[in-house]
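Please read this briefing alongside the sequence and the coordinates.

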Amino acid sequence: MSSEEGGMTDTTEKHEHDHEMPQQGAISDFGIDTTSQSTGEAVRDYWARVRGGELGSLPALLGLVVLLVVFSALSPTFFTLGNLANLLQQGASITIIAMGLVFVLLLGEIDLSAGTASGVTAAVMALHLINDGNLLGGMGDTVFYVFCGLLVLAIVLASVMKIWAGAVLSAIALVIAAVGIPANAWLEMLLAICVGAAIGSITGFLVAKVGIPSFVVTLALFLVWGGVVLQFIGDGGTLGLRDDTIFNVANGNLNFVGSWALFVIAVGGYAAVVLTRHFSRLRKGLVAQPTSLVLGKIGALTVLAAVITYALSLNRAQSNLVIIEGVPYVVPLVLVLLVIGTFVLDRTSYGRHVYAVGGNKEAARRAGINVERIRMSVFVIASSAAAIGAIVYSSKVGSVDPNAGAGNTLLLSVGAAVIGGTSLFGGKGRLRDAVIGGAVLAIIQNGMGLLRQPAAVVFIVTGLVLLLAASVDALSRRRAATAAR
Amino acid sequence: MSEPILELRGINKSFGPVHVLHDIDLDVHPGEVTALVGDNGAGKSTLVKCIAGIHPTDSGEVLFEGRPVHIKGPREAAELGIEVVYQDLALADNLDIVQNMFLGRERTKGGLLDETDMEQAARKTLASLSVRTVKSVRTQVSSLSGGQRQTVAIAKAVLWNSKVVLLDEPTAALGVAQTRQVLDLVRRLAEQGLGVVLISHNMNDVFEVADKIACLYLGRMAAVVGSKDVTHGQVVELITAGRSGDLGIARPEAATI
């Protein structure tokens with residue numbers, strides 16, 4: 001009996017303790033750090049952060065609105081359903097490559113080879129498809145053995161650095177290449193991503209372990225992979241991708257039910273995640289945004305998503321002979337990558353360590369973080385994302401040519417990340433920056449095209465927008481530096 | 001007096017031909033602030049790095065809670081409960097206070113970061129140290145003042161239930177008010193029962209917070225004295241000449257690096 005009673009009092013005491021310590025104790029000591037803000041406070045806080053140089057995606061979002069208004073006013077075809085859907089499909093590949101680059105930029109590094117590396121993965125994918133799995137025949141003996149040798153090298157390097165994802169993906173690429181499984185669209189896409197991971201393992205090792213500045217490593221590899229694409233495809237050749245599955249990645253649409261299912265999953269998932277976190281914070285007595293503001297955000301997003309889904313599920317074909325309707329496949333693709341990537345960056349230790357290494361390498365090292373491993377891993381992520389981007393742009397064009405991934409693919413991708421608000425100095429940036437920046441660039445390219453501007457003007461304008469974004473980054477950084485202390 | 005939590009016995013350390021530490025003995029007691037003073041190059045930082053496992057010692061023994069230990073790296077020191085707060089603060093500017101305090105040792109639940117748990121723990125720790133100067137534990141470190149940063153770095157050590165905290169010149173770059181805050185914090189660490197080692201150049205700071213003063217002179221432990229038993233001048237003499245009256249090394253003129 002007595003022991004039972006003792007146990008009882010013990011638990012109640014513990015219970016009280018748990019309840020009171022964090023709430024009462026902490027609140028009295030942080031007078032300003034109260035549990036719930038009013039809407040006005042939340043807005044003032046946000047404004048103070050913006051004035052302090054933490055602009056985030058704000059300039060890019062404003063730019064996006066301005067561009068939408070300007071082009072809609074100037075071109076009658078710009079704000080049509082057909083063109084807006086087209087816009088999503090045009091911008092997707094750049095956006096996906098940019099999302100991978102955000103990881104690299106977060107460390108203050110750069111990957112100049114992401115463009116041509118994506119070209120290599122596209123070429124391997126096309127070779128596998130055209131030769132029905134016989135890469136040896138498609139590449140020729142010497143090239144094939146060198147290719148396999150590099151995959152083995154990638155496996156070894158990734159294993160040495162304990163980046164198991166890189167090692168496993170490289171091993172899968174080696175198996176697919178060596179076994180010669182007959183062509184299958186899904187297999188080819190997997191192969192492309194795995195080759196991307198292998199490329200990233202090599203790049204990352206050279207940067208992180210050997211210690212060559214990433215600018216030099218990736219500049220050299222930019223040329224190397226450009227040459228490899230040329231070798232795979234041959235001068236003046238083009239590898240056609242005649243496969244419905246691959247074609248549909250960038251050109252197909254979800255059906256009516258699928259489109260609305262996507263809407264429900266996306267909005268419902270967002271609401272569930274945001275509300276769970278919000279109420280768990282409130283329950284534990286931590287600072288939270290006002291509930292009305294959180295609900296307002298969810299409501300606004302729901303309405304916006306519903307309008308877009310409705311519009312995209314209407315028939316947008318130009319002629320009466322065909323019906324084009326539904327949300328393009330690239331939308332769920334980009335959303336899934338965005339959600340996974342954001343989750344990794346915000347909610348896992350790995351993501352936290354990426355930010356820490358980008359902010360202060362020495363502090364991260366002293367905190368016991370394996371800095372070399374983090375630095376190598378971001379290149380694996382960037383190259384794998386570049387491979388997914390490659391699948392999308394090859395699908396859009398329907399073929400792979402020797403210039404795949406060359407030209408301004410890379411520059412537009414880096415541009416997308418930076419325009420969206422990712423800092424080139426490292427430590428600052430979010431994955432959604434790439435999406436917003438990618439949208440800005442896609443609109444510029446698309447809108448200027450509709451206005452029949454010559455390529456010269458399009459290049460100059462795109463370049464100037466990028467310059468503007470980089471200036472905003474540098475100036476807001478300076479402002480943040482002076483605002484501190 | 002309580003048992004020492006950390007004991008050093010005859011620690012020697014050379015960098016090539018330079019013999020930096022000669023037979024150093026030092027006891028660190030829980031609930032006490034031990035100031036480690038000495039001129040530039042006397043070996044203060046080297047001694048701290050030896051304890052923290054950054055430099056391996058050549059000979060000598062380290063006892064932690066009475067047991068001999070061999071600390072081979074910062075991680076092992078941290079696992080024992082020895083935390084070092086370095087002169088150049090090891091904080092990431094782009095992360096907030098909570099994220100910095102848990103850096104490298106994040107709490108997770110089901111593989112995901114447990115933000116609310118970490119935030120509560122961080123607030124509890126800061127509150128227990130009576131830190132009131134920080135507006136919110138979610139403030140980015142880049143917008144904190146030097147003193148606040150130092151506070152966060154020290155609070156980080158407390159959060160990990162450390163038993164010994166080594167502070168390498170925590171007030172070196174701070175203004176008057178901020179120095180005040182940090183010294184108060186150092187005192188509170190000792191009151192919570194931690195063994196605190198404070199490296200400092202500032203005699204005022206030392207006499208204000210230290211219970212015991214250990215003077216290094218050219219890599220030798222010149223004297224370990226109670227701060228109430230000596231005067232300002234005696235400590236300065238010990239630092240500059242290795243000897244003051246009866247205190248200090250017998251023949252300091254013979255001491256060489």
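The points below are grouped by topic.

This is a predicted model, in which local features need pLDDT of at least 70 and side-chain atom pairs count only at pLDDT 80 or more, while totals for chains, interfaces and linings use all residues. Residues are numbered from 1 along each chain as its sequence is written, and chains are lettered from A and ligands numbered from 1 in the order in which they are written.

**Chain A as a whole**

- Chain A holds 20 helices and two strands, where helices (H or I, at least four residues) and strands (E, at least two) are DSSP runs numbered from the N terminus.
- For its 485 residues a compact globule would have a radius of gyration near 23 Å, and the 25 Å of chain A agrees with this; the radius is taken over C-alpha atoms, and the globule rule is 2.2 Å times the number of residues to the power 0.38.
- The C-alpha trace of chain A spans about 85 × 55 × 55 Å along its principal axes.
- Buried residues make up 44% of the 485 in chain A (buried: 20 or more other C-beta atoms within 10 Å of the residue's own; exposed: 12 or fewer; partly exposed: in between; C-beta atoms are placed from the backbone).
- Of the contacts in chain A between residues at least 6 apart in sequence, 79% join residues at least 24 apart, a contact being two residues whose C-beta atoms, placed from the backbone, lie within 7 Å.

**Helix α3(A)**

- Pro59(A), Ala60(A), Gly63(A), Leu67(A) and Phe71(A) are buried in α3(A).
- Seen down the axis of α3(A), these buried residues fall within an arc of 85°, so they line one face of the helix; the arc is that of the directions from the helix axis to the C-beta atoms.
- Leu62(A), Val65(A), Val66(A), Val69(A) and Ala73(A), on the other side of α3(A), are exposed.

**Paired strands in chain B**

- Strand β1 (residues 6-15) and strand β4 (residues 59-64) of chain B pair in the antiparallel sense over five bridges, pairing being at least two DSSP bridges between two strands.
- Asn12(B) has Ser59(B) in β4(B) as its bridge partner.
- β4(B) also pairs in the antiparallel sense with strand β5 (residues 67-69) of chain B, over three bridges, and Leu63(B) stands opposite Pro68(B) in β5(B).
- Two residues lie between the strands in the hairpin of β4(B) and β5(B), where Glu65(B) takes a positive phi near 50°.

**Contact between the chains**

- In chain B, 31 residues are in contact with 35 residues of chain A.
- The largest share of the side of chain B that touches chain A, six residues, comes from α4(B).
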